[in-house]
Amino acid sequence: MHDKPIGIFDSGVGGTSIWAEISDLLPNENTIYLADSKYAPYGKRSKEEIIELSIKNTEKLLEINCKIVVVACNTATTNAIKVLRSIYDIPFIGIEPAIKPAAIHTKTKKVGVLATKGTLSSELFSKTSDLYANNIEVIEVIGTGLVELIETGRINSDEMHTLLASYIKPLVIQNIDYLVLGCSHYPYLIPILKKMLSDKVTIIDSGEAVARQTKSILNIKKLLNPNLEMGTHIFYTNKDADILKNILRKSNTKLNVSELDF
């Protein structure tokens with residue numbers, strides 16, 4: 001059981017930002033990643049669709065003997081993880097916007113959240129905001145179109161720069177000092193965002209926290225892999241393997257990327 005892989009899924013290639021944090025923290029763990037790019041982005045789908053897709057991905061990861069499932073998608077976590085936990089007897093790790101640290105540390109009392117419609121309109125996001133951010137102003141921006149550009153390999157395109165600027169400028173005007181990234185795709189936009197924001201604005205994503213939580217749960221469940229060899233990593237996508245390979249090209253790890261119908 002210990003050497004079985006950690007299963008990770010997202011609505012496309014974005015969750016590889018979470019995978020990178022997990023593999024860095026747990027280098028001897030094996031992983032299997034599902035990029036559900038055929039149905040990306042989840043953020044514009046109904047809650048019922050998101051739950052169905054999350055179940056589909058979970059079934060595939062269980063079919064290939066994963067010992068834990070990381071839902072590396074904010075929209076799937078906020079809309080479906082409660083259902084997944086009620087159906088399956090396996091640990092699930094979720095991801096949601098890191099409102100808490102931003103709310104604790106903000107000096108201007110204004111925090112920006114860039115996320116998908118599916119995340120921002122979810123019950124879980126609303127509860128988290130009410131719990132941690134009731135004394136600050138949370139300025140929510142729906143990043144319509146950003147996932148689609150990332151999924152088609154256009155991260156550094158003129159279209160991306162123009163679209164992202166239209167979302168960020170209003171946040172700058174309102175004097176935010178923290179920008180919370182509420183989609184696992186968005187960490188790939190950090191180099192562009194840093195050019196658009198002053199050095200007084202801190203960008204927060206959830207990847208490192210998710211990796212720490214994954215390690216903690218594996219330890220509690222006594223599922224950590226005792227093998228000291230480097231883990232193996234398998235990536236499946238149901239759309240375009242070249243885009244996934246391109247996203248992963250900077251990794252120093254030997255990767256197996258292929259297309260799979262799921």
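Hi everyone, thanks for coming. Before anything else, please keep in mind that this is a predicted model.

The largest pocket has a volume of about 770 Å³. It is lined by 30 residues, and the closest to its centre are Tyr188, Ile247, Leu248, Lys250 and Ser251. Which elements give two or more residues to that lining? They are α1, residues 16-25, then α9, residues 190-196, and α11, residues 241-247. Of these, α1 gives the most, with 8 residues.

Now to the second largest pocket, with about 400 Å³ of space. Here 20 residues make up the lining, and Thr77, Thr78, Ile81, Lys82 and Leu124 lie nearest the centre. Two or more lining residues come from each of α2 (47-63), α3 (74-87), β4 (92-93) and α6 (123-132). The one that gives the most is α3, with 8 residues. By class, the lining of the second largest pocket divides into 8 nonpolar, 6 polar and 6 charged residues.

Let's move on to the sheet. There is an open sheet of 4 strands, in the order β6-β5-β7-β8, and the pairing is parallel. At the edges sit β6, residues 137-142, and β8, residues 202-204, and each of them pairs on one side only. On average, neighbouring strands in this sheet are turned by 20 degrees against each other, direction ignored. As a quick reminder, strands of a sheet pair through backbone hydrogen bonds, either parallel or antiparallel. For a close-up, look at β5, residues 110-115: this strand pairs with β6 in the parallel sense over 6 bridges. Along that pairing, you can find leucine 114 opposite valine 141 in β6.

Is aspartate 36 buried or exposed? Aspartate 36 counts as buried because its relative accessible area is 0%, and the cut-off for buried is under 20%. What does its side chain meet there? A polar contact of 2.6 Å joins the side chain of aspartate 36 to that of asparagine 238.

That's my tour, and I'm happy to go back to any part of it on the screen.

Note on methods:
Residues are numbered from 1 along each chain as its sequence is written. This is a predicted model: local features need pLDDT of at least 70, side-chain atom pairs count only at pLDDT 80 or more; totals for chains, interfaces and linings use all residues. Side-chain values use heavy atoms; hydrogens and water are left out. On a 1 Å grid over the protein atoms alone, a cavity is a set of points where a 1.4 Å probe fits but cannot get out, and a pocket is an open set with protein on both sides within 12 Å along at least five of seven lines; lining residues have an atom within 4 Å of a point. Grid points are joined across faces, edges and corners, and a volume is the space filled by probe spheres set on the points. Ala, Val, Leu, Ile, Met, Phe, Trp, Tyr, Cys and Pro count as nonpolar, Asp, Glu, Lys and Arg as charged, and the others, Gly among them, as polar. Two strands pair if DSSP finds at least two bridges between them. Axes are lines fitted to C-alpha atoms, for helices over the stretch in contact, and angles run from 0 to 180 degrees between N-to-C directions. Buried means under 20% relative accessible area, exposed over 50%, partly exposed in between (1.4 Å probe, protein chains only). A polar contact is a pair of N or O atoms within 3.5 Å; within protein, one must be able to donate a hydrogen and the other to accept it, and residues adjacent in sequence count only if both atoms are side-chain atoms.
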